[in-house]
Amino acid sequence: MSIVIDQAIRAQLIASAPGSRAVPARLRYEPTDPFAVRVSFPPTASLDGYEVEWTFGRELLDAGTLRPSGCGDVHVWPCGPERTVLEFRAVEGMAMVQLHTADVREFLGRSYALVAAGDEGGHLDVDAELTALLRDA
């Protein structure tokens with residue numbers, strides 16, 4: 001049985017109208033997908049009423065707490081000493097949320113205790129992934 005880190009956090013949704021608002025969110029890390037983290041938002045936080053989940057690199061989240069990081073769909077950067085901004089871009093539009101950096105650091109610390117930086121490759125089941133790819137082809 002694999003240990004999963006699933007941490008509830010509060011996020012501040014940054015919006016131009018009607019303004020910013022607090023929303024619940026979850027950060028998730030699974031050693032079976034050791035390079036990735038997931039952040040999810042409940043249906044009440046989305047415009048279309050569906051849960052939203054983004055998956056991106058753990059290394060990107062870590063770097064983004066210290067300096068502007070990312071390219072493409074996900075960007076992360078520090079906003080003063082206490083906040084970290086996540087910007088998500090999709091065809092439908094763009095969303096920005098602020099997280100407490102202390103919450104992000106706690107989550108990352110727990111994930112690195114489970115799978116140390118640089119040891120991610122040892123947690124991949126390459127044979128199972130290859131079998132799944134060939135089965136789906």
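Residues are numbered from 1 along each chain as its sequence is written, and side-chain values use heavy atoms, with hydrogens and water left out. Because the model is predicted, local features need a pLDDT of at least 70 and side-chain atom pairs count only at pLDDT 80 or more, whereas totals for chains, interfaces and linings use all residues.

The protein contains three helices and eight strands (DSSP runs numbered from the N terminus, H or I of at least four residues for helices and E of at least two for strands). Read from the N terminus, the order of these elements is β-β-β-β-α-β-β-β-β-α-α. Confidence is expressed as pLDDT, the predictor's score for each residue from 0 to 100. Its average over the protein is 87, and 85% of the residues score at least 70. Where pLDDT is low, the predicted coordinates should not be read in detail.

The accessible surface amounts to about 8300 Å², with 56% belonging to carbon and sulfur atoms (Shrake-Rupley method with a 1.4 Å probe; for residues, only the protein chains shown count as cover). Of the 137 residues, 36% are buried; here buried means under 20% relative accessible area, exposed over 50%, and partly exposed in between (1.4 Å probe, protein chains only). Contacts are defined by heavy atoms within 4.5 Å. Of those with a separation of 6 or more, 36% join residues 24 or more positions apart.

Two strands are said to pair if DSSP finds at least two bridges between them. Strand β2 (residues 21-29) pairs with β3 in the antiparallel sense over three bridges, and a hairpin of six residues joins the two. Within this pairing, R28 stands opposite R38. β3 also pairs with β4, again antiparallel, over six bridges, and there F41 faces V52.

E53 belongs to strand β4 (residues 52-57) and counts as partly exposed because its relative accessibility is 45%. Beyond its neighbours within four places in sequence, E53 contacts R38, V39 and S40. E53 and R38 are 15 residues apart in sequence, with 6.7 Å between their C-alpha atoms.

The largest nonpolar core has 26 residues, of which V39, F41, F56, L61, L86, F88 and F107 touch the most other members. Such a core is a set of buried Ala, Val, Leu, Ile, Met, Phe, Trp, Tyr and Cys residues joined through side-chain atoms within 4.5 Å. Outside the four places on either side in sequence, the contacts of L86 include V39, F56, L61 and M96.

D62 lies in helix α1 (residues 58-64). D62 counts as buried because its relative accessibility is 19%, and it touches R105, L108 and Y112 when residues up to four places away in sequence are set aside.

Finally, the structure holds zero disulfides, a disulfide being a pair of cysteine sulfur atoms within 2.5 Å. C71 is exposed, at 67% relative accessible area, while C79 is partly exposed, at 32%.
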